[in-house]
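Please read it with the structure open.

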Amino acid sequence: MADLAFIVDSSGSISTRNFARLKEFLRNIILEFDIGPDAVRVAIIVYSTLPQIELKFNDLQGNQLTAAAIIRKLDNIKHQRGLTYIDKALRKAEKEVFIEGNGARDESIAKVSCFFFLLIFSNINIQVARY
């Protein structure tokens, strides 16, 4: 049993082609899990200039909560192409996704594990200051 949130880079740092690859990668991961009310539940946040919750843990319930339904939601996600503000996405996940009001399960249940996947397919430029 787990609540699994995918935080997906949808910024201009990712080409349209790589964004499509990222979504295909996520489809394949989702298909590997036992999805259901008493199993794994999924949330999806995309981020760019502003983060957006595409799927909350409680958006799909009962027999609607299937891998196929999650993949349909994933397929409808558009590439935002803005700036890359992962910090805003992480705050949104903490304050708006991993809360009981949006379907995150009660932490007092021993079998509940929270997995947090951070998937970044971006070009990252690192500059080292030399003194």
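**Notes on the model**

1. The buried residues of α2 are A67, A69, I70, I71 and L74. Buried here means under 20% relative accessible area, exposed means over 50%, and partly exposed covers the range in between (1.4 Å probe, protein chains only). Elements are DSSP runs numbered from the N terminus: helices are H or I with at least four residues, strands are E with at least two. The cover over these buried α2 residues includes α1, β2 (40–47) and β3.

2. Some ground rules. This is a predicted model: local features need pLDDT of at least 70, side-chain atom pairs count only at pLDDT 80 or more, and totals for chains, interfaces and linings use all residues. Residues are numbered from 1 along each chain as its sequence is written, and side-chain values use heavy atoms, with hydrogens and water left out.

3. The overall layout. The chain has 3 helices and 4 strands. Read from the N terminus, the order is β-α-β-β-α-α-β. Of its 131 residues, 40% count as buried. Contact means heavy atoms within 4.5 Å. Among contacts between residues at least 6 apart in sequence, 80% join residues at least 24 apart.

4. How do α1 and α2 pack? Helix α1 (residues 16–32) meets α2 at an angle of about 170 degrees, and the axes are 10 Å apart. That makes the two helices roughly antiparallel. The axes are lines fitted to C-alpha atoms, for helices over the stretch in contact, and angles run from 0 to 180 degrees between N-to-C directions. Under 35 degrees is roughly parallel, over 145 roughly antiparallel, 65 to 115 roughly perpendicular, and the rest oblique.

5. The residues of that contact. From α1 come K23, L26, R27, I30 and L31; from α2 come A67, I70, I71, L74 and D75. They divide into 7 nonpolar, no polar and 3 charged. The classes are: Ala, Val, Leu, Ile, Met, Phe, Trp, Tyr, Cys and Pro nonpolar; Asp, Glu, Lys and Arg charged; the others, Gly among them, polar.

6. R27 deserves a look. This arginine is in helix α1. At 18% relative accessibility, R27 counts as buried. Neighbours within four places in sequence aside, R27 is in contact with I71, L74 and D75.

7. Next, I70 in helix α2. Its relative accessibility is 0%, so I70 counts as buried. Leaving out neighbours within four places in sequence, I70 is in contact with I30, I35, V42, I44, L55, L60 and L65. I70 and R41 are 29 residues apart in sequence, with 9.4 Å between their C-alpha atoms.

8. E54 sits in strand β3. Its relative accessible area is 23%, so E54 is partly exposed. E54 touches I44, V46, D59 and I77, residues up to four places away in sequence not counted. The C-alpha atoms of E54 and I44 are 5.4 Å apart, for 10 residues of sequence.

9. The loop between α2 and α3 holds Q80 and R81. Q80 has 29% relative accessibility and counts as partly exposed. Residues up to four places away in sequence not counted, Q80 touches S10, V46, Y47, S48, L50 and Q52. Q80 and V46 lie 34 residues apart along the chain, with 8.6 Å between C-alpha atoms. R81 has a positive phi of about 65 degrees although it is not a glycine.

10. Which rings pair, and how? The structure holds 1 aromatic pair. The ring centres of F57 and F98 are 5.6 Å apart and the planes are at 55 degrees, so the pair is tilted. Rings of Phe, Tyr and Trp (its six-membered ring) pair if their centres lie within 6.5 Å; planes under 30 degrees apart are stacked, over 60 edge-to-face, the rest tilted.

11. Where the pair sits. F57 is in the loop between β3 (52–55) and α2 (67–75), and F98 is in the loop between α3 (86–97) and β4 (113–119), so the pair ties together parts 41 residues apart in sequence. F57 is buried at 1% relative accessible area. F98, at 24%, counts as partly exposed.

12. Finally, a charge over a ring. K88 lies over the face of Y85, 4.3 Å from the ring centre. The criterion is NZ of Lys or CZ of Arg within 6 Å of the ring centre and within 35 degrees of the ring normal.
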